Amino acid sequence: MAADADPTPTAASLPSSGEPVARMDEIVSLCARRGFVWQSSEIYGGINGFWDYGPLGVELKNNLKALWWQRVVRERDDVEGLDSSIIAHPRTWEASGHVEHFSDPLVDCRACKKRLRADQLDDAGPCPARQGTSEHDWTPARNFNLMLRTRIGAQEDAASEAFLRAETCQSIFLDMKRVRESARQKIPFGIAQIGKAFRNEINPRNFTFRSREFEQAELEFFVHPSERERWFEHWLAQRLAFHRELGFRAERLRVRPHRPEELAHYARAASDIEFLFPFGWQEIEGVHDRGDWDLRRHSEYSGKDLSVTDEETKERYTPMVIETSAGVDRTCLALLCNAYAEEKLPDGETRAVLRLPPRLAPVQVAVLPLAKKLAEPATQLAAALRRRLAVFYDEAGNIGRRYRRQDEIGTPFCVTFDFESVGDGQVTVRERDSMAQQRIATDALAGYLRERLEGGG
Ligand code: GAP
């Protein structure tokens, strides 16, 4: 892919507002009821900030990750993949600045003991413990480090203490030299990784939006210092194009450059890609110019030189890093909020429909025999399609109800096997969005569906 791609839209060139479509309670209820996502450890009363992805949720998430990997790694010859361990050497987090800087301001109410992030006091509600006033009695804010700690091995001393990674990118910096040499890459090039990250968030909230365990899809792209601005613009444009490909409408997507006082300790410049959730505009991805902060600090702390030499000019320098850091869970949540709609149909009924991009839908095609008598040939058809597509077979209930069940989980195509199918070798394909139906020969069906799914329509 060419390095000098499209001009990057800015906050100014994108609409600043739009109407949220879905309500959060509808999304949360759909997710639990239909098996997308629910709170972890439900039978023990749940555990705050942790989530389980069910049969449909894991498919949606895997499809999203596969598309990201395809676009960011496979389609480029200047990006390599990595799957590093979740626990890195504890010095990593001293060098990265997380031990010192990765904290949020925390306050406690002296009366009711409620604990909140100091910048989220609007969430507090009235204090139940004070007489004559509903106001809380907050302590001054103090810093609370968000790194989750664990121990390694049988010892219980300070030397055994380690951290669950707070971002997936740090191991990319530790492994940069080995990846570059083993993959015979030259600057500019990037390393990408998808994986779990952990943050001891003070107030997990808004469903999966702010969790304590979540997944990131990150790319660290190493460039010559003279090229950082160009690559920052390039990657911001690439990432915006990706979000548009996910079907996020322009009025629900915007870029918000960080003000200098907002910048993370490692960042020289940053822009958030924000989506308009039912609870307002929020970040789903950050694009950061991290400068040489990480490589320089890891060189210093490890004693290993992480600079590179330009083979032509013989210049020795520490590469600058342009980072794109997307939240997989947040993007899944944005996909669900963006896709959910309730529609009035001509017959007066209402249907709930998830207009997910077809290639991301957890079920791509549902095979539905019109009557139980047709189960045998319909099952055979489903089995044949299953080799190439994500198929769900359903023979329970009337056909209208079965269509509604598929609409609600975003299945782009329903294939109905009826009595005529036995004789003419054709089935009815019903499309989720238009609800249009057409007859297709069963031997052409897999090809037809693949084409429609890959083409996005
Ligand atoms: N390596 C840079 C980094 O981690 P970040 O802005 O802190 O930057 C990047 O996080 C992305 O990770 C965010 O845009 C968001 O999508 C996701 N993320 C961060 N904290 C999260 C949380 N508590 N729950 C879910 N996703 C989170």
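# Exercises on a predicted model

The structure holds 11 aromatic pairs. The model is a predicted one.

**Exercise 1.** Classify the aromatic pair formed by Phe248 and Phe275, and state which parts of the chain the pair ties together.

Solution.
1. A pair of aromatic rings is described by the distance of the centres and the angle of the planes.
2. For Phe248 and Phe275 the centres are 5.0 Å apart, and the planes make an angle of 50°.
3. Planes under 30 degrees apart count as stacked and those over 60 as edge-to-face. The pair of Phe248 and Phe275 is therefore tilted.
4. Phe248 belongs to the loop between helix H6 (228-245) and strand E11 (253-257), and Phe275 to strand E12 (residues 269-277), so the pair ties together parts that are 27 residues apart in sequence.

**Exercise 2.** Find which side chains have polar atoms close to the ligand's N or O atoms, using the cut-off of 3.5 Å for a polar contact.

Solution.
1. Take Glu218: a polar atom of its side chain is 2.5 Å from a nitrogen atom of the ligand.
2. Take Glu201: an N or O atom of its side chain is 2.8 Å from a nitrogen atom of the ligand.
3. Take Gln216: an N or O atom of its side chain is 3.0 Å from an oxygen atom of the ligand.
4. On its own the ligand has 550 Å² of accessible area, and the protein covers 93% of it.

**Exercise 3.** Describe where the ligand sits and what makes up the shell around the ligand.

Solution.
1. The ligand is placed in the largest pocket.
2. Strand E10 (213-223), strand E13 (280-291) and strand E16 (320-327) are the elements that each give two or more residues to the shell.
3. E13 supplies the largest share, six residues.
4. In total, 21 residues surround the ligand, and Glu167 and Ser211 are among the closest.
5. Sorted by class, the shell has 10 charged, six polar and five nonpolar residues.

**Exercise 4.** Which backbone features stand out at Pro188 and Asn206?

Solution.
1. Most residues other than glycine have a negative phi, and most peptide bonds are trans.
2. The peptide bond between Ile187 and Pro188 is cis, with omega about 0°. Pro188 is in the loop between helix H5 (169-182) and strand E9 (189-198).
3. Asn206 has a positive phi, near 55°. This residue, Asn206, is in the loop between E9 and E10.

Methods:
Residues are numbered from 1 along each chain as its sequence is written. This is a predicted model: local features need pLDDT of at least 70, side-chain atom pairs count only at pLDDT 80 or more; totals for chains, interfaces and linings use all residues. Side-chain values use heavy atoms; hydrogens and water are left out. A residue is near a molecule or strand if one of its heavy atoms lies within 4 Å of it. A polar contact is a pair of N or O atoms within 3.5 Å; within protein, one must be able to donate a hydrogen and the other to accept it, and residues adjacent in sequence count only if both atoms are side-chain atoms. Accessible areas come from the Shrake-Rupley method with a 1.4 Å probe; for residues, only the protein chains shown count as cover. On a 1 Å grid over the protein atoms alone, a cavity is a set of points where a 1.4 Å probe fits but cannot get out, and a pocket is an open set with protein on both sides within 12 Å along at least five of seven lines; lining residues have an atom within 4 Å of a point. A molecule sits in a cavity or pocket if more than half of its atoms lie within 2 Å of its grid points. Helices (H or I, at least four residues) and strands (E, at least two) are DSSP runs, numbered from the N terminus. Ala, Val, Leu, Ile, Met, Phe, Trp, Tyr, Cys and Pro count as nonpolar, Asp, Glu, Lys and Arg as charged, and the others, Gly among them, as polar. Rings of Phe, Tyr and Trp (its six-membered ring) pair if their centres lie within 6.5 Å; planes under 30 degrees apart count as stacked, over 60 as edge-to-face and the rest as tilted.
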